[in-house]
Amino acid sequence: MIKEYRKLRGFTQEELAEKINISWRQLQRIEKNEQDTSVKTLKRIVQVLKIPDKDIINYLKG
């Protein structure tokens with residue numbers, strides 16, 4: 001879901017990672033569900049990508 005919203009908003013992994021202050025490699029692992037993320041990082045991703053609450057809830061359930 002994060003990857004889809006990132007592309008929808010027109011960000012590269014590098015651009016989004018810079019905006020949320022993580023490495024692009026860390027973002028890549030988060031997008032592939034290879035790494036859990038902190039609430040703080042997830043909150044920054046949601047804010048920058050403007051992800052709707054319902055999509056976040058579904059993502060967290062999944």
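**Entry 1: a helix pair**

I began with a crossing: α2 passes α4 right-handed. A crossing is left-handed if the near helix is turned anticlockwise from the far one by less than a right angle, and right-handed if clockwise. The model is predicted, so I kept to its limits: local features need pLDDT of at least 70, side-chain atom pairs count only at pLDDT 80 or more, and totals for chains, interfaces and linings use all residues. Residues are numbered from 1 along each chain as its sequence is written, and side-chain values use heavy atoms, with hydrogens and water left out.

Helices here are DSSP runs (H or I, at least four residues), numbered from the N terminus. I noted an angle of about 120 degrees between α2 and α4, with the axes 9 Å apart. The axes are lines fitted to C-alpha atoms over the stretch in contact, and angles run from 0 to 180 degrees between N-to-C directions. Contact means heavy atoms within 4.5 Å. From α2, the contact uses Leu16, Lys19 and Ile20. From α4, it uses Thr41, Arg44, Ile45, Val48 and Leu49.

Which residues of α4 are buried? I found Thr41, Leu42, Ile45, Val46 and Leu49, in a helix that runs over residues 39-49. Buried means under 20% relative accessible area, exposed over 50%, partly exposed in between (1.4 Å probe, protein chains only). The arc is taken from the directions from the helix axis to the C-beta atoms. An α-helix has 3.6 residues a turn, so residues three or four places apart point the same way.

I then checked the face turned away from the buried side. It carries the exposed residues Val39, Lys40, Lys43 and Gln47. The cover over the buried residues of α4 includes α1 (2-8), α2 (13-20), α3 (24-31) and α5 (53-61). Just after α4, Lys50 has a positive phi of about 55 degrees.

**Entry 2: α3**

I repeated the check on α3. Its Leu27, Gln28, Ile30 and Glu31 are buried. Their arc is only 160 degrees around the axis, which puts them on the same side of α3. The buried residues of α3 pack against α1, α2, α4 and α5. Asn33 follows α3 and has a positive phi, near 55 degrees.

**Entry 3: salt bridges**

How many salt bridges are there? I count two, taking a side-chain nitrogen of Lys or Arg within 4 Å of a carboxyl oxygen of Asp or Glu. One joins Arg6 and Glu31 at 2.5 Å, N to O. Arg6 lies in α1 and Glu31 in α3, so the pair ties together parts 25 residues apart in sequence. Arg6 is buried at 6% relative accessible area, and Glu31 is buried at 13%.

The other joins Asp55 and Lys54 at 3.3 Å, N to O. Asp55 is buried at 17%, whereas Lys54 is exposed at 57%.

**Entry 4: the core**

I finished with the largest nonpolar core, which has 15 residues. Such a core is a set of buried Ala, Val, Leu, Ile, Met, Phe, Trp, Tyr and Cys residues joined through side-chain atoms within 4.5 Å. Ile2, Leu16, Ile22, Ile45, Leu49 and Ile51 have the most contacts inside it. α1, α2, α3 and α4 each supply at least two residues of this core. α4 gives the most, with four.

I looked up Leu16 in more detail. Leaving aside neighbours within four places in sequence, Leu16 touches Arg6, Phe11, Leu27, Val48 and Leu49.
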